[in-house]
Amino acid sequence: MLAVFGAGMSAGAINTVVGSGTLITFPVLLATGLSPVTATVSNALGLVPGAISGVIGYRKELVGQGRRVLKLGVGAVLGGVTGAVLLLALPSTAFETIVPVLVGFALVLVVVQPLISKRVRRDAPGDTKRRDGGPLLFIGLTLASVYGGYFSAAQGIIYMSLMGILLDEKMQRLVAVKNVLAGIVNTVAALFFLFVADFDWTAVVLIAAGSALGGQLGAKVGRRFSPAVLRALIVTIGVVSIVQLLLR
């Protein structure tokens with residue numbers, strides 16, 4: 001119980017700043033004897049309070065982004081439900097095979113994001129595309145949400161890489177949007193699972209309590225990071241995520 005609570009707190013903090021907290025909670029839940037599907041759905045529901053906590057912690061950075069959040073939130077809802085359905089309909093190895101590839105690609109985007117952003121800004125007619133990201137951002141984040149509804153590990157890294165390239169915004173404001181989108185995906189997936197899957201409610205409560213606390217800690221620490229430090233943290237956690245996924 002202490003291990004699950006601690007994993008939930010760590011995941012809540014990491015999810016608020018970067019993402020990939022599932023790579024902490026999921027192995028711990030498996031180690032307690034839960035099946036992969038039960039661990040996944042219990043983790044999804046347990047991390048919802050942590051996502052809400054992270055959104056509250058970054059509420060100042062959300063000011064002026066209401067329209068953007070509403071637009072991208074629609075894609076998050078559609079993607080989250082689709083991913084949840086796929087989790088129960090497809091073999092457990094279907095998406096896990098390409099997860100390391102997706103995370104690796106996202107990390108490359110994070111690293112080269114400043115260079116790509118300058119090129120996009122130079123070539124884009126006006127700044128409308130850079131304000132809302134256009135159809136490309138909506139489609140990209142919706143697909144990332146499908147993955148998030150299925151497994152959720154490193155979805156925050158994919159969100160950050162796409163928004164960093166296609167939006168003219170400070171990194172901390174993008175983190176705030178990322179927290180909202182991840183929270184939406186976790187919530188809609190968890191609500192779907194409530195009707196069709198079995199939960200381990202002890203694990204849910206422990207992760208929920210830990211992630212809620214971790215979300216506040218992550219918000220207090222994360223907003224102090226400079227864009228360069230935040231980008232380095234994303235890459236570091238992403239590399240660790242890939243290694244863990246390949247070895248699991």
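A salt bridge here is a side-chain nitrogen of Lys or Arg within 4 Å of a carboxyl oxygen of Asp or Glu.

First, some ground rules. This is a predicted model, so local features need pLDDT of at least 70 and side-chain atom pairs count only at pLDDT 80 or more, while totals for chains, interfaces and linings use all residues. Residues are numbered from 1 along each chain as its sequence is written, and side-chain values use heavy atoms, with hydrogens and water left out.

**The overall picture**

The protein chain has 13 helices and 0 strands. Helices (H or I, at least four residues) and strands (E, at least two) are DSSP runs, numbered from the N terminus. Of the chain's 248 residues, 53% count as buried; buried means under 20% relative accessible area, exposed means over 50%, and partly exposed is in between (1.4 Å probe, protein chains only). Take the contacts (heavy atoms within 4.5 Å) between residues at least 6 apart in sequence: 83% of them join residues at least 24 apart.

**The salt bridges**

By this rule, the count comes to 2 salt bridges. Here they are:

| Pair | N to O distance |
|---|---|
| Arg68 and Glu169 | 3.1 Å |
| Arg173 and Glu169 | 2.8 Å |

Arg68 sits in helix α5 and Glu169 in the loop between α10 and α11, so this pair ties together parts that are 101 residues apart in sequence. Arg68 counts as buried, at 15% relative accessibility, whereas Glu169 is partly exposed at 26%. Together, Arg68, Glu169 and Arg173 are linked in a network of salt bridges.

Now look at Lys178, in helix α11 (residues 171-196). Leaving aside neighbours within four places in sequence, the residues in contact with Lys178 include Thr16, Val17, Tyr159 and Met163.

Asn179 lies in helix α11 as well, and it counts as buried at 4% relative accessibility. The side chain of Asn179 reaches the backbone oxygen of Thr16 at 3.3 Å. Not counting residues up to four places away in sequence, Asn179 touches Asn15, Thr16, Gly54, Val55 and Tyr58.

A nonpolar core is a set of buried Ala, Val, Leu, Ile, Met, Phe, Trp, Tyr and Cys residues joined through side-chain atoms within 4.5 Å. The largest one has 56 residues, and those with the most contacts inside it are Leu137, Leu141, Tyr159, Met163 and Phe193. Which helix gives the largest share of this core? It's α11, with 12 residues. As for Phe193, leaving aside its neighbours within four places in sequence, its contacts are Val41, Ala44, Ala84, Leu87, Leu88, Gly149 and Phe199.

Key: Polar contact = N/O pair within 3.5 Å; in protein donor to acceptor, adjacent residues only side chain to side chain.
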